[in-house]
Amino acid sequence: MKSIIKYFRELVMAFYSLAQGMKLTLYYFTHVRKVNITEQYPENRETTIRIPERFYGILEMPHDENNEHNCTACTLCELACPNGTITIDTAVEVTEDGKKKKYLDKYHYNLGTCTFCGQCVDACPSDAIHMNKQFELSEYDKNKLLLVLNKPGSKLKAKEKKS
Ligand code: SF4
Ligand code: SF4
């Protein structure tokens, strides 16, 4: 007797679940102009494609028009990365007043091991790196995934003097 009750209970639940699914389908069917259900990708790549605001794509280091960035080579992002994706090479220069100063030589970023978690960005105290919205990242050659984020000849942005 118990097994018969169980059978009918599961049958009712299956119909209920089906009805819920059909209800949602019907909603999208009747609100097709209000709800964006699918993207016409890749045809809309350059036109109507919508990337969610919180989407994390590839890591980047913004440079200004003077080829300057905000990275002080503190290595906090390197420490924060759970995958060892970031390796920072530093160099040392001697300033005019004779002090030794560390600066960023190369910011290595292995796109092949990045999980786009954003922990490096959160760890950065200088707002020097961002996750951009780029998502078409596949390559045939994995060596092309080994990137250097600071541009050749770039340097640390000079601090603006407080007035
Ligand atoms: S996004 Fe995550 S995995 Fe990628 S470099 Fe930053 S901390 Fe590492
Ligand atoms: S990107 Fe930010 S956290 Fe990473 S080394 Fe540069 S200043 Fe430090």
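For charge counting, Lys and Arg are positive and Asp and Glu negative, while His and the chain ends are left out. I place each charge at NZ of Lys, CZ of Arg, CG of Asp or CD of Glu.

**Ground rules.** My model is predicted, so I noted that local features need pLDDT of at least 70 and side-chain atom pairs pLDDT 80 or more, while totals for chains, interfaces and linings use all residues. Residues are numbered from 1 along each chain as its sequence is written, chains are lettered from A and ligands numbered from 1 in the order written, and side-chain values use heavy atoms, without hydrogens and water.

**Charges.** I found 23 positive and 21 negative side chains in the chain, with the centres of the two sets 9 Å apart.

**Overall form.** I looked up helices (H or I, at least four residues) and strands (E, at least two), which are DSSP runs numbered from the N terminus. The chain has three helices and seven strands, in the order α-β-β-α-β-β-α-β-β-β. Its radius of gyration is 26 Å, well over the 15 Å that the globule rule gives for 163 residues, so the chain is more spread out than a compact globule. That radius is taken over C-alpha atoms, and the rule is 2.2 Å times the number of residues to the power 0.38. The C-alpha atoms fill a box of roughly 90 × 45 × 45 Å along the principal axes.

**Inside and outside.** I call a residue buried under 20% relative accessible area, exposed over 50% and partly exposed in between (1.4 Å probe, protein chains only). Buried residues make up 20% of the 163 in the chain.

**The core.** A nonpolar core is a set of buried Ala, Val, Leu, Ile, Met, Phe, Trp, Tyr and Cys residues joined through side-chain atoms within 4.5 Å. The largest has 22 residues, and Leu59, Ile86, Tyr107, Tyr109 and Ile129 have the most contacts inside it. Strands β3 and β4 (100-110) are the elements that give two or more residues to this core, and β4 gives the largest share, three residues. I checked Ile86 for contacts (heavy atoms within 4.5 Å). Beyond four places in sequence, its partners include Leu59, Cys77, Tyr107 and Cys120.

**Two more residues.** Which strand holds Glu93? Glu93 is in β3 (residues 86-94), and is partly exposed at 36%. Not counting residues up to four places away, Glu93 touches Lys99, Lys100, Lys101 and Tyr103. Asn132 lies in the loop between β5 (130-131) and β6 (146-148), and counts as buried at 14% relative accessibility.
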